[in-house]
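Biologist: I would like to work through a model with you, feature by feature. Please give me the general idea each time, then the case at hand.

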Amino acid sequence: MSEKWNITLKVSRQKEGETPHFDEYKMEVDPDEYVLDAVERVWAFMDRTVCFRHACHHSTCGACGMRVNNVEKLTCITSIRDMCQDGGTLKVEPLRNFPVISDLAVDMGSLYNRLEAVGARSVLPVPEAEIEKPASTWDPADQQYIRLADCIECGLCISACPSAATSSGYLGPAVLAGAQANGLKRNPELLQLVDAEDGVWRCHSAFECSAVCPSLVDPARRIMNLRTQVFTERFSRLFHKA
Ligand code: SF4
């Protein structure tokens, strides 16, 4: 028989125009269940109005990011045992630095748009004629976008980033990591975008982003590398002009 815990799930609630508040739900759980299972149980058996995002349930889609007991987590792979204890409280809130749509669901549009702006779009445009062929044979002219390997666009890094909290225009860790993967060489538009107040220079090297990333993208290290790329590009341009 599996172990059972009694916990209180505190869910942040906020519908349009409302001030955020918490609703509490008492439930029996297997501590080896995931935080997302507890949230789903509320929706399935206690309160159909709770709104949250989820899809794959195996850390691939990046949809179920939330703050759990004040830390950014991908809730489909975060066990209840790791976040509280028998008789304890599990507090779930929406990610920070994104507009809240409803309860735990946030609008990730700014992340997707900015990834596209730096050429690291999450959905690759594959020409219809190429779809049936192996990717290795696609026309290089169509390979203008490089998706950042391993990033699942979950937004945890942006929620955890203290610099993102100070400027809504900041490109943010995942986006700068995408730019780093694409590289600045011979890309003046990208250089201009990242060599800016809301680009690499907004980062204060807190490394909070890398600490919460569930995919080991290590965006902070990539931002440091992108700064080096900015210096190199600027110097090489000066030299070239001289
Ligand atoms: S860099 Fe990591 S934390 Fe940030 S969006 Fe990508 S996978 Fe999520």
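Modeller: Start with the residues around the ligand, sorted by class. In this predicted model, the shell around the ligand has 11 nonpolar, 3 polar and 1 charged residues.

Biologist: Which residues around the ligand come nearest?

Modeller: Of the 15 residues in the shell, the nearest are Cys 151, Cys 154, Cys 157, Ala 174 and Cys 213. Two or more residues of the shell come from each of α4 and α6 (173-182).

Biologist: Which element gives the most to the shell around the ligand?

Modeller: That is α6, with 3 residues.

Biologist: How many residues of α6 are buried?

Modeller: Helix α6 is mostly covered, with 9 of its 10 residues buried. The buried ones are Pro 173, Ala 174, Val 175, Leu 176, Ala 177, Gly 178, Ala 179, Gln 180 and Ala 181. Ala 174 is also one of the residues that come nearest to the ligand. After the helix comes Gly 183, with a positive phi near 85 degrees.

Biologist: How should I read a helix with a buried side and an exposed side?

Modeller: An α-helix has 3.6 residues a turn, so residues three or four places apart point the same way. Take α3 (109-117). Its buried residues include Ser 110, Leu 111, Arg 114 and Leu 115. Seen down the axis of α3, the buried residues fall within an arc of 130 degrees, so they line one face of the helix.

Biologist: Which residues are buried in α1?

Modeller: In α1, Val 35, Leu 36, Ala 38 and Val 39 are buried. Viewed along the axis of α1, they fall within an arc of 170 degrees, so they line one face of the helix. Ala 44 and Phe 45 are exposed on the other side of α1. As for length, α1 covers residues 35-46, 12 residues in all, and reaches 16 Å from its first C-alpha to its last, close to the 16 Å expected at 1.5 Å a residue.

Biologist: What covers the buried residues of α1?

Modeller: The cover includes strands β1 (5-13), β2 (21-29), β3, β4 and β5 (89-93), together with helix α2 (80-83).

Biologist: Parallel or antiparallel: in which sense do β1 and β2 pair, and in which sense do β1 and β5 pair?

Modeller: β1 and β2 pair in the antiparallel sense, over 9 bridges. Within that pairing, Val 11 has Asp 23 in β2 as its bridge partner. β1 and β5 pair in the parallel sense, over 4 bridges, and Thr 8 stands opposite Thr 89 in β5.

Biologist: What should I make of a positive phi?

Modeller: Most residues other than glycine have a negative phi. Asn 69 has a positive phi, near 45 degrees, and is found in the loop between β3 (65-68) and β4 (71-74). Glu 153 also has a positive phi, of about 50 degrees, and is found in the loop between α3 and α4 (156-160).

Biologist: Buried, partly exposed or exposed: which describes Asn 69, and which describes Glu 153?

Modeller: Asn 69 counts as partly exposed because 17 C-beta neighbours lie inside 10 Å. Glu 153 is buried, with 22 other C-beta atoms within 10 Å. The cut-off for buried is 20 or more.

Biologist: How do I read the fold of the chain as a whole?

Modeller: Begin with the secondary structure, which comes to 9 helices and 7 strands. Of the 242 residues, 38% count as buried. Among contacts with a separation of 6 or more, 65% are accounted for by residues 24 or more positions apart.

Biologist: Where is Asp 82 placed, and what separates the C-alpha atoms of Asp 82 and Asp 32?

Modeller: Asp 82 is in helix α2 and is partly exposed, with 14 other C-beta atoms within 10 Å. Asp 82 and Asp 32 are 50 residues apart along the chain, and their C-alpha atoms are separated by 8.6 Å.

Key: Residues are numbered from 1 along each chain as its sequence is written. This is a predicted model: local features need pLDDT of at least 70, side-chain atom pairs count only at pLDDT 80 or more; totals for chains, interfaces and linings use all residues. A residue is buried if 20 or more other C-beta atoms lie within 10 Å of its own, exposed if 12 or fewer, and partly exposed in between; C-beta atoms are placed from the backbone. Two residues are in contact if their C-beta atoms, placed from the backbone, lie within 7 Å. A residue is near a molecule or strand if its C-beta atom, placed from the backbone, lies within 6 Å of it. Ala, Val, Leu, Ile, Met, Phe, Trp, Tyr, Cys and Pro count as nonpolar, Asp, Glu, Lys and Arg as charged, and the others, Gly among them, as polar. The expected span of a helix is 1.5 Å times one less than its number of residues. The arc is that of the directions from the helix axis to the C-beta atoms. Two strands pair if DSSP finds at least two bridges between them.
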